[in-house]
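Reader: Could you walk me through how the pieces of this structure pack together? I would like to go through it by question and answer.

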Amino acid sequence: MRIFLLECKKVILSPVLIGLFLLFTGFNFLVIFNSSDHRAELKMVNEIIDTYGREITPSSLQQFQDDIQNDLLKLQQLTGKRYDSVNDFLEDLDVEEYERYSKQEQAFLSGLQVKEMYESIASSIDENYEEIDIEKEGEVALEQYQLSGKAAETYLAENEKFTKRFDEMIRNGEHKQWFFAGKAYYMHTLLFKDLFSKMTIEILLLVILSTTFLATYEFEQRTHLVAFATQRGRRLMNNKLVASLVMAFVITGLVLGSTLGVFFLVFDYSHVWETSVSSAFNWEYNFPYVSWWDLSFAQFLLGVIGVLFVSVLLISALTFSISLFIKNSYVSFFVTAASFILLYMLPSFMPHSSNWLFVAGYTVPTLVMAIPGLFMGSSGLIFFRNFEWATICSWTAITMGVLMMTYRRFVKSDIQ
Amino acid sequence: MQIVWNEIKKILTWKSLLLLLIINCILYFFLIDFYIKHFPNGRPALDSYRLGIEMIEKYGPTMDDEEFKDFMKTYEVRVKEADRYLQTEKVAVAEGIDTYEKFNSYEWFKASKEAGELRDRLFFEDGTDLFWELQERSRLIGFYEGKEMYSSNATPAQLKRYEELAKEGVFGTYPEVAISNFRDYITNVAVAILFSVVAVMSLAILRDRTRHIVSLQYTARKGRNLLKTKLLAGFVSTLLVITGLLVIYMGLYSLNDTSMYFNVRVNTFIGNESWYNPTFFQYILFTIGGIYLVGIVFGLAAMGFSTIVPNTLTLLGAQIPFVRAFSFSACTD
């Protein structure tokens, strides 16, 4: 236990790691604050959910539309003219005229504008989802990714399952729940792509640095001849491994905790935790996000965090093996980074006609870099339902095997 | 001298060369490959590239008003060709787009299905470059006609420079595909080279310290002067690394085949107003000089870190923010 604690101390008290952590966190805060212009506008969703409930039913939508009509009447009183939409009014208004209205009236106008936008999205949900033909999308994807032969068969088979899931989602009405308007604010992209990809890379840098540091410490300090000749001997490496994993866990927790904490302080998600992540409002690009399971936003976030934790631990363990093999932290760092990138690029070296193309995607690097599309059936070549758990299980097995082999090799190796 | 040579051998071992190879292969596929493989990138970039060469062959590296009038005349001739082409198409005649002018002003967003198919066929299937080329020609002419419009948020100094250029009769007339491709290419190459320099040079001085042989070295007759020799060896190795990589990357760049553009001055490419007016070739040389300069600065900085830090963890950790900030700013540039 004492050895374990002392090993942890090496990492915790390292000024460089602390400095890097602070720098990264500061950088993340900067990203959050830079994109917080519309945080006040986002609150509209909370109001809507409070008044009309989380699910969009025909009656609640009707009520919402009626209220907008009432607001338009108010607008008529304000301006003395009848408008069908507040946008018509704002269009012929120049800045000076707009400034003449009081702050309250301005807030009313912009609030009405946002409400109208939500209304127009909500009332066109059915229409937009009817246009989606998953089977046709599959054919398009075959062409887009130039799949043929076995790969095309596999893709289409999975796509068929996804068609069923899509119909089921529509029947459940998962898409008819209020969420921040995707095409206006891109909140899913901001959180899961911009922020999470930054955090992932930062966590990986810190974890790889600390793991290589711990694993090669004795060799680099030239204390290995003493350390491995003690009674504890080469089993010291077990303590170091556990310390590396615990430190990886702590680093991940700290980075995620600080950045996400500030993110949710800045952006008020309090009303949308329960909203399904497949909500029609969460539709940002050509195709909406559609998850394989009925996941609420909170469940999706927890799932993503869980996947990230497990992946970081796996990467830490693999880095430990590499370091034990190379015995030099500098080279290990680059070898790990290079293997990460090579594994990530693996699918691009595969022929587009065989199933190897998909198998090559089941890697930890692909998993952590694909966070916005995890658990989704709308995420390109890694849209498989079993992608997450199969990747984690197979790589846990691989990591165990590699660790076992390197440890056995290390125990017998010649230490000079 | 002997010591310098031996120190260089310690820095450029086959292991570090292997590291260089790995780093550059990965960065090449991630950052650089695109600008070689996809040049010119689709249509109408290809037509832009071809037209630029045609202009240079016909009018030389500068164009005056007379020459541009001739260029516009060629456009008219090509438009007539397009007219004749459209008149042979039954669909075009039926839809009332039997001349290129009508074809251009046709309201495509509410076009009939036949007309849409015709357009796709003309552009993508018929194997004629005419319509792409006309688009590109009219874009170039548009730039020429708008040559006296300056960006509204130009600073006074920029406005003065624009007027200066206008007085000399220097306007952006040549298509910018070649130079913008080069600019994207060279920034990514610069990132790769800086990465390589830092990766190879970082260990230079720390290595001896972790081996605990410094006390031995400093008590030898050469004494503490050895540090200077090490720094010199590091400097030479930096130059070697940069030169080697630049030779390879410039060799790869020659695959883009842009040598026809070399004599065109930077300011005569569209949208390229710059403070100085070197030719494209001189511009390439300048950027290479810049890479050497920044590379040497980063190499020396890496050695500086290497002399201060206690271990490799600190060495890597301290340099991550710098390299990241630099490659980030270069990528967004």
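This is a predicted model: local features need pLDDT of at least 70, side-chain atom pairs count only at pLDDT 80 or more; totals for chains, interfaces and linings use all residues.

Reader: At roughly what angle do the axes of helix H12 (residues 187-220) of chain A and helix H15 (residues 297-326) of chain A cross?

Author: Residues are numbered from 1 along each chain as its sequence is written, with chains lettered from A and ligands numbered from 1 in the order in which they are written. Helices are DSSP runs (H or I, at least four residues), numbered from the N terminus, and axes are lines fitted to C-alpha atoms, for helices over the stretch in contact, with angles from 0 to 180 degrees between N-to-C directions. The axes of H12(A) and H15(A) come within 9 Å and cross at roughly 30 degrees.

Reader: Are H12(A) and H15(A) roughly parallel or roughly antiparallel to each other?

Author: Angles under 35 degrees count as roughly parallel, over 145 as roughly antiparallel, 65 to 115 as roughly perpendicular and the rest as oblique. H12(A) and H15(A) are therefore roughly parallel.

Reader: How many charged residues does the contact of H12(A) with H15(A) have?

Author: Two residues are in contact if their C-beta atoms, placed from the backbone, lie within 7 Å. Those taking part include A:Phe192 and A:Ile203 of H12(A), and A:Val304 and A:Phe320 of H15(A). Ala, Val, Leu, Ile, Met, Phe, Trp, Tyr, Cys and Pro count as nonpolar, Asp, Glu, Lys and Arg as charged, and the others, Gly among them, as polar. The contact has 12 nonpolar and 7 polar residues, and of charged residues, none.

Reader: And at roughly what angle do the axes of helix H14 (residues 236-266) of chain A and H15(A) cross?

Author: Among the residues in this contact are A:Leu241 and A:Phe249 of H14(A), with A:Phe309 and A:Leu313 of H15(A). By class there are 14 nonpolar, 3 polar and no charged residues. The axes come within 9 Å, and the crossing angle is roughly 145 degrees.

Reader: Which helix gives the most to the side of chain B that touches chain A?

Author: Here 17 residues of chain B are in contact with 17 residues of chain A. On chain B, helix H2 (14-37), helix H11 (203-210) and helix H15 (312-332) each supply at least two residues. With 8 residues, the one that gives the most is H15(B).

Reader: How far apart do the C-alpha centres of domain 1 of chain A and domain 2 of chain A lie?

Author: Domain bounds come from an automatic or database domain assignment, which divides chain A into domain 1 (2-37 + 180-412) and domain 2 (56-131). In their contact, 4 residues of domain 1 meet 5 residues of domain 2. The distance between the two C-alpha centres is 44 Å.
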